[in-house]
Amino acid sequence: MNKASVGVERGVGAARVGVRRAPAAPSRNVVAQVGRKVVTQDKDWQKGLGSVGIFLEDKEKKSYNLVERLADRKVLSSVEKSGLLSAAEKAGLSLSKVENLKLLSTAEKLGVLALIENAFAKDGATITSYSILPFVAALGALTLIPDDNVALSVIHYGSTLALFTVFGVLFAGGFVIKSLQEDD
């Protein structure tokens, strides 16, 4: 307390001046998961007018192995227990048939496996946010394309269905990838 406030409190007929504090809130532990910063050297850096430093500051990037994550989450054993593999075999889709049709090599040539690998390397929330554009486009197609005749109706409902399908795959896929990337 300083002298001025002491004088006010001790003065004759003076009102007591004080600061009232709010009751103490219960303490909470707040944990923020922030990626560590990594400083690296820019290999292509050249000194020039307006150039920035030789060092780059970036966030640490984790690498995820899809097969290990599926094994840790016991996804494949859950698929086996659910009977999906035997149902696929009864429907005529067996591993030998997949091998004979060369589906995996075709998927690799078309870049499907690389696309899945790249999608798994991205953050799941980023992939989910990519679903906003197809959703808005589907709503636009649903409201703006007229369905006056058969051809326009096919375009109207076909494009809406395709865009809503892309939206659903991106939206759900982002959540699946994010759940596989999370540490236990």
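Four aromatic pairs are found in a search of the whole structure, which is a predicted model. In one of them, the ring centres of F135 and F164 are 6.0 Å apart and the ring planes stand at 65 degrees, so this pair is edge-to-face; the cut-off for that class is an angle over 60 degrees. The F135–F164 pair joins distant parts of the chain, since F135 belongs to helix α9 (residues 132-144) and F164 to helix α10, 29 residues apart. F135 is partly exposed, with 32% relative accessible area. F164 is likewise partly exposed, at 29%.

A further pair is formed by F171 and F175, whose ring centres are 5.2 Å apart and whose planes meet at 70 degrees, so the pair is edge-to-face. Both residues of this pair sit in helix α10, four residues apart, which is about one turn of the helix. F171 has a relative accessibility of 36% and counts as partly exposed. Ring pairs connect F135, F164, F167, F171 and F175 into a cluster.

The two pairs described above are set out here.

| Pair | Distance of ring centres | Angle of ring planes | Class |
|---|---|---|---|
| F135 and F164 | 6.0 Å | 65 degrees | edge-to-face |
| F171 and F175 | 5.2 Å | 70 degrees | edge-to-face |

**Overall fold**

The protein has ten helices and two strands. Along the sequence, these elements follow the pattern α-β-β-α-α-α-α-α-α-α-α-α. Of the 184 residues in the protein, 10% are buried, where buried means under 20% relative accessible area.

**Annotated spans**

The unreviewed UniProt entry places the feature "transmembrane region" at residues 127-145 and 157-177. In the model, residues 127-145 are 84% helix and 0% strand, with 28 Å between the end C-alpha atoms. Residues 157-177 are 100% helix and 0% strand, and the end C-alpha atoms of this span lie 30 Å apart.

**The second largest pocket**

The second largest pocket holds about 280 Å³ of space. Its lining consists of L115, I116, N118, A119, K122, I127, Y130, V169, L170, G173, G174 and I177. Helices α7 (112-121) and α10 (150-181) are the elements that give two or more residues to this lining. The largest share, five residues, comes from α10. Sorted by class, the lining comprises eight nonpolar, three polar and one charged residues.

**A backbone feature at K102**

K102 is not a glycine, yet it has a positive phi of about 55 degrees. This residue is placed in the loop between α5 (95-101) and α6 (103-110). Is K102 buried or exposed? The relative accessibility of K102 is 53%, so the residue counts as exposed, the cut-off for that class being over 50%.

**Summary**

Notes
Residues are numbered from 1 along each chain as its sequence is written. This is a predicted model: local features need pLDDT of at least 70, side-chain atom pairs count only at pLDDT 80 or more; totals for chains, interfaces and linings use all residues. Side-chain values use heavy atoms; hydrogens and water are left out. On a 1 Å grid over the protein atoms alone, a cavity is a set of points where a 1.4 Å probe fits but cannot get out, and a pocket is an open set with protein on both sides within 12 Å along at least five of seven lines; lining residues have an atom within 4 Å of a point. Grid points are joined across faces, edges and corners, and a volume is the space filled by probe spheres set on the points. Ala, Val, Leu, Ile, Met, Phe, Trp, Tyr, Cys and Pro count as nonpolar, Asp, Glu, Lys and Arg as charged, and the others, Gly among them, as polar. Buried means under 20% relative accessible area, exposed over 50%, partly exposed in between (1.4 Å probe, protein chains only). UniProt positions are given in the numbering used here, feature names are shortened, and annotations may be inferred rather than shown by experiment. Rings of Phe, Tyr and Trp (its six-membered ring) pair if their centres lie within 6.5 Å; planes under 30 degrees apart count as stacked, over 60 as edge-to-face and the rest as tilted.
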